[in-house]
Amino acid sequence: MAKTFLGYPRENGTIGVRNWVAVVSIMDNCNPVTRAICQQVDGTIPVTTLFVRGQYGRDLDISYNTLAGMGRNPNIAAVLLVGLEEQTTEEVARRIRPSGKPVEAIHLQPHGTINCVAEGTRRALKLVVRASNARRQPCPMSALMVGVQCGGSDTTSGLTCNPVIGQMSDRLVDDGGTVIISETSEFFGAEQLFAARAVNPAVGKAFTDMVLRLENEAMSQGIDIRGTNPTPDNIRGGLTTIEEKALGAMAKAGTRPLAGVLSYGEAPSGKGLHFLDAPAPAVENLTALAAAGCQLVFFGTG
């Protein structure tokens, strides 16, 4: 593996492999404005949501933190927030500002949709022009944070793509980089093997507690989540047991020690291999990896 790659160094020390301006919806009723702005301005990317309205407590915090995490992602050069009103928009803005990147906001109330799209287009264009002044530079591999995921697993997954991703993971960790593996339910049946790789007992317990919490949460509702794995398409592909699927999925993490565990969308505080607590479905999982700060995600399929 090469020791450097071309990236965009940021003022806060992070390094992106892309140079987008993110236009972020603070709640679902802002999505049409967000998409309209991005249709007008090249170099922007829409970050939309189905949530926030009507949420409270832990659910609302997860939504705010995830939207902010997407804005903080190293691939994002600047952020334009699209909100309904100032109070909820500020909840996300204050979580992004410590990153040091430009953050601006527009609101539908009281200006209305047409005026909001017009003002948002003007601001997004200015942010894109500023971001366009950045030039790629050689950056160390230690600056990379990579997420690893798999889907459509079959008998080939644990023999081909997942072990190859695992070799990449080992080499990146050895070069001082960061790898995040997730999909909590994919570890059912092999969690004790992965926990044994933890750098200390506390990290190992934190990992197994996350797996057991998900299993117990499902059983408390009368559902044995263990019966959903392997899925029907996994079985058609030749997988026979949940342990077989778990071992194949775990191969993406290579062989290096487990340095830490993270909640949904949480960014790691150090380098090395980390586990992130997130559901297995691709959209929800990829969102968590991006919010955690991954510039790249390797997604192996059967």
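Two or more lining residues come from each of H1, E4, helix H2 (57-72), helix H7 (201-219), helix H10 (282-292) and strand E12 (296-301); helices (H or I, at least four residues) and strands (E, at least two) are DSSP runs, numbered from the N terminus. The structure is a predicted model, in which local features need pLDDT of at least 70 and side-chain atom pairs count only at pLDDT 80 or more, while totals for chains, interfaces and linings use all residues. Residues are numbered from 1 along each chain as its sequence is written, and side-chain values use heavy atoms, with hydrogens and water left out.

A pocket is an open set of points on a 1 Å grid over the protein atoms alone, where a 1.4 Å probe fits, with protein on both sides within 12 Å along at least five of seven lines; lining residues have an atom within 4 Å of a point. The volume of the largest pocket is about 1,500 Å³, a volume being the space filled by probe spheres set on the points, which are joined across faces, edges and corners. H2 provides the largest share of this lining, 10 residues. By class, the lining of the largest pocket comprises 24 nonpolar, 15 polar and 11 charged residues (nonpolar: Ala, Val, Leu, Ile, Met, Phe, Trp, Tyr, Cys and Pro; charged: Asp, Glu, Lys and Arg; polar: the others, Gly among them).

The second largest pocket holds about 360 Å³ of space. Of its 22 lining residues, Thr14, Pro74, Met145, Ala267 and Ala292 are the closest to its centre. H2 and H10 each contribute at least two residues to this lining, which divides into nine nonpolar, 11 polar and two charged residues.

In helix H1 (residues 31-40), Asn31, Val33, Thr34, Ala36, Ile37 and Cys38 are buried, that is, under 20% relative accessible area with a 1.4 Å probe, protein chains only. These residues pack against strand E3 (20-25), strand E4 (44-47), strand E5 (76-83), strand E6 (103-107) and helix H4 (113-132). Beyond its neighbours within four places in sequence, valine 82 is in contact (heavy atoms within 4.5 Å) with residues including Val33, Thr34 and Ile37.

Conventions. Buried < 20%, exposed > 50% of the residue type's maximum accessible area, 1.4 Å probe, protein only.
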